[in-house]
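Have a look at the model first.

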Amino acid sequence: MRHAGQSPDNLPMTDAPDNPQNPPPRIKLRLDYGPALTLGPGKADLLAGIAELGSISAAGRRMGMSYKRAWSLVEEMNAGFAQPLVDSARGGAGGGGAMLTETGAQVLAHFRALESLIEQAGADRIAAITGLLADMSARK
């Protein structure tokens, strides 16, 4: 039986300090499939930006990355999956643009669901670790 104030593994839990100088931690999920492909928060944000803005360059610009870097990441993701994640048309008179493919939308949805799952399942552990932090407000 678990008592209040204990984690599932009977480790003491401490409430996180309510201090704006110690912001809540952010979990960064990174799926490493070897040298050919890594999928992390940056690529997920790029995919989300493409879905929202309809443009690889606009999504990259919003993230502060160069057009070349955004395209390079899209090419890496497209090559790493069985089906491309992004479908694009060159600019020019027609305007061009980009959109997520069905596979791209699925990858993004699964990645975001994993992030949420980890945050929820690990909330007690994160709070326990956060409660053990030193007060960082004096460190400047």
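Helices α1 and α3 are roughly perpendicular to each other (a label for angles of 65 to 115 degrees). Their axes come within 11 Å and cross at roughly 100°; axes here are lines fitted to C-alpha atoms over the stretch in contact, with angles running from 0 to 180 degrees between N-to-C directions. Helices are DSSP runs (H or I, at least four residues), numbered from the N terminus.

On the α1 side, Lys43, Leu46, Leu47 and Ile50 make the contact, meeting Ala70, Leu73, Val74, Glu76 and Met77 of α3. Contact means heavy atoms within 4.5 Å. By type, these residues split into 7 nonpolar, no polar and 2 charged (Ala, Val, Leu, Ile, Met, Phe, Trp, Tyr, Cys and Pro count as nonpolar, Asp, Glu, Lys and Arg as charged, the others, Gly among them, as polar).

This is a predicted model: local features need pLDDT of at least 70, side-chain atom pairs count only at pLDDT 80 or more, and totals for chains, interfaces and linings use all residues. Numbering starts from 1 along each chain as its sequence is written, and side-chain values use heavy atoms, leaving out hydrogens and water.

Now for two residues and their exposure (buried is under 20% relative accessible area, exposed over 50%, partly exposed in between, with a 1.4 Å probe and protein chains only):

| Residue | Relative accessible area | Class |
|---|---|---|
| Tryptophan 71 | 25% | partly exposed |
| Isoleucine 129 | 57% | exposed |

Isoleucine 129 belongs to helix α5 (residues 123-131). Its C-alpha atom is 9.9 Å from that of proline 25, 104 residues away along the chain.

How values were computed. Helices (H or I, at least four residues) and strands (E, at least two) are DSSP runs, numbered from the N terminus. Angles under 35 degrees count as roughly parallel, over 145 as roughly antiparallel, 65 to 115 as roughly perpendicular and the rest as oblique.
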